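My notes follow in the order I looked things up.

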Amino acid sequence: MISKLSSYTNISPHQSSRNGSKICKITPHHMAGNLSIETCGNVFQYREASSNYGIGSDGRIGCYVEEEDRSWASSSYDNDRQAITIEVANDEIGGDWHVSDAAIESLINLCVDICSRYGFRLDYDGTPNGSLTRHNMFISTTCPGPYLQSKFPYIAEEVNRRLDGDTPAVGGKYRVNSEDGLWLLDEDGEKMEVYSDGTEVEVLGNGYYMYGYSYYKVRVLSDGSEGYMAKDFLTKVEDPQPTPQPSGDFQVGDRVVVSGYATEDSNGGGERTADYGGNPNDPDDIRYITLIEPGAVRPYHISVGPTQGDGDRGWVSAGQIRKI
Ligand SMILES: [Zn+2]
């Protein structure tokens with residue numbers, strides 16, 4: 001089996017059987033060099049070593065040992081027979097052995113793909129017992145390098161978050177959601193400036209894990225500053241709702257389908273429901289308008305049944321509903 005995310009295959013002869021072990025771990029390595037996935041694949045043809053996958057600094061993914069087979073990567077039979085091993089290129093030679101943002105993003109995507117296919121989550125506890133393991137847990141080696149190793153808690157949290165259904169944040173518009181404001185940090189975690197509640201930012205990519213929080217790399221839309229903000233205090237900015245129609249278009253008792261989510265309160269606050277599909281041909285999607293509050297942000301209260309109290313779902317705006 002080869003992940004659909006892989007775009008290049010060069011199977012290494014240096015591999016063995018997993019001897020019946022099931023796949024329940026991931027071990028990211030660093031290449032200690034800036035090898036393309038093709039060059040890395042060639043190295044594993046002659047050097048007595050291998051990995052299941054490799055990721056280049058450009059973010060492309062290659063496969064060298066199919067997933068059902070055991071790679072020779074981590075100096076540990078026990079680890080390698082349970083793990084998918086992934087070599088990641090460095091875009092800095094020496095120093096912290098930096099890894100590109102594109103490679104980190106591909107690594108996260110590949111981990112999500114592997115975890116969802118084999119049914120496990122990433123648990124990084126700094127020991128070989130976790131499901132995210134490191135080469136230097138098994139022998140004395142610089143692998144995975146200071147930079148990539150510092151990303152392990154972030155990678156675990158981000159992969160699990162995406163497994164829970166959060167869509168990748170990159171490119172999204174977010175708003176600071178913290179009454180006391182939120183610090184913008186520099187790449188070393190130093191405080192630069194505090195931004196007030198409601199400040200809008202664009203997420204540029206993955207950040208780091210610091211002070212017990214995961215951070216996104218962001219750009220502040222108002223002044224263009226770039227840095228890092230804790231994702232727990234950022235709320236995704238929803239696409240604007242379609243322009244509401246005059247409230248006279250709908251009446252209590254109307255049979256409707258609804259798209260998007262409903263809120264607990266007519267001002268848009270409180271709990272939100274999941275997004276509705278709003279398929280007029282699906283009886284499960286039929287709703288009724290059971291209350292109207294003219295002038296509210298979300299003036300229409302909808303329920304599953306025709307009367308208020310009969311499966312109440314919450315408040316929506318005119319643009320979300322269609323009479324059927
Ligand atoms: Zn290694």
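**Entry: strand 18 and its sheet**

I began at Ser303, which stands opposite Asp312 in strand 18. Strand 17 (residues 300–303) and strand 18 run antiparallel and are joined by four bridges. I took strands as DSSP E runs of at least two residues and helices as H or I runs of at least four, both numbered from the N terminus. I counted two strands as paired if DSSP finds at least two bridges between them.

This is a predicted model, in which local features need pLDDT of at least 70, side-chain atom pairs count only at pLDDT 80 or more, and totals for chains, interfaces and linings use all residues. Residues are numbered from 1 along each chain as its sequence is written.

Five strands make it up, open and antiparallel, in the order 18-17-16-15-19. Strand 18 (312–316) and strand 19 (321–323) are its edges, each pairing on one side only. Neighbouring strands are turned by 45° against each other on average, direction ignored. Axes here are lines fitted to C-alpha atoms, for helices over the stretch in contact, and angles run from 0 to 180 degrees between N-to-C directions.

Is strand 18 enclosed or open? Four of its five residues are buried, so the rest of the structure largely encloses strand 18. My cut-offs: buried means 20 or more other C-beta atoms within 10 Å of the residue's own, exposed means 12 or fewer, partly exposed lies in between, and C-beta atoms are placed from the backbone.

At strand 19, I found three bridges to strand 15 (residues 255–258), again antiparallel. Val256 stands opposite Lys323 there.

Strand 4 (residues 53–55) and strand 7 (residues 83–88) pair in the parallel sense over three bridges. Ile55 faces Val88 of strand 7 as its opposite residue.

I checked helix 3 for length. Its 18 residues reach 26 Å from first C-alpha to last, close to the 26 Å expected at 1.5 Å a residue. The expected span is 1.5 Å times one less than the number of residues. Its buried residues are Ala103, Ile104, Ser106, Leu107, Ile108, Leu110, Cys111, Ile114 and Cys115. Just after helix 3, Gly119 takes a positive phi of about 70°.

Ala102 is also in helix 3. It has 17 C-beta neighbours inside 10 Å, so I logged Ala102 as partly exposed. Leaving aside neighbours within four places in sequence, Ala102 is in contact with Ser57, Asp58 and Gly59.

**Entry: cores and domains**

Which residues have the most contacts inside the largest nonpolar core? They are Val88, Leu107, Cys111, Leu122 and Met229, in a core of 51 residues. I defined such a core as buried Ala, Val, Leu, Ile, Met, Phe, Trp, Tyr and Cys residues joined through C-beta atoms within 7 Å. Helix 3 gives the most to this core, with eight residues. Domain 1 (8–163) and domain 2 (173–236) both contribute, so the core lies between them. The domain bounds come from an automatic or database assignment.

Another core lies apart from it, with eleven residues, among them Val256, Tyr288, Trp315 and Ile321. Domain 3 spans 255–323. The C-alpha centres of domain 2 and domain 3 lie 33 Å apart.

Key:
Two residues are in contact if their C-beta atoms, placed from the backbone, lie within 7 Å.
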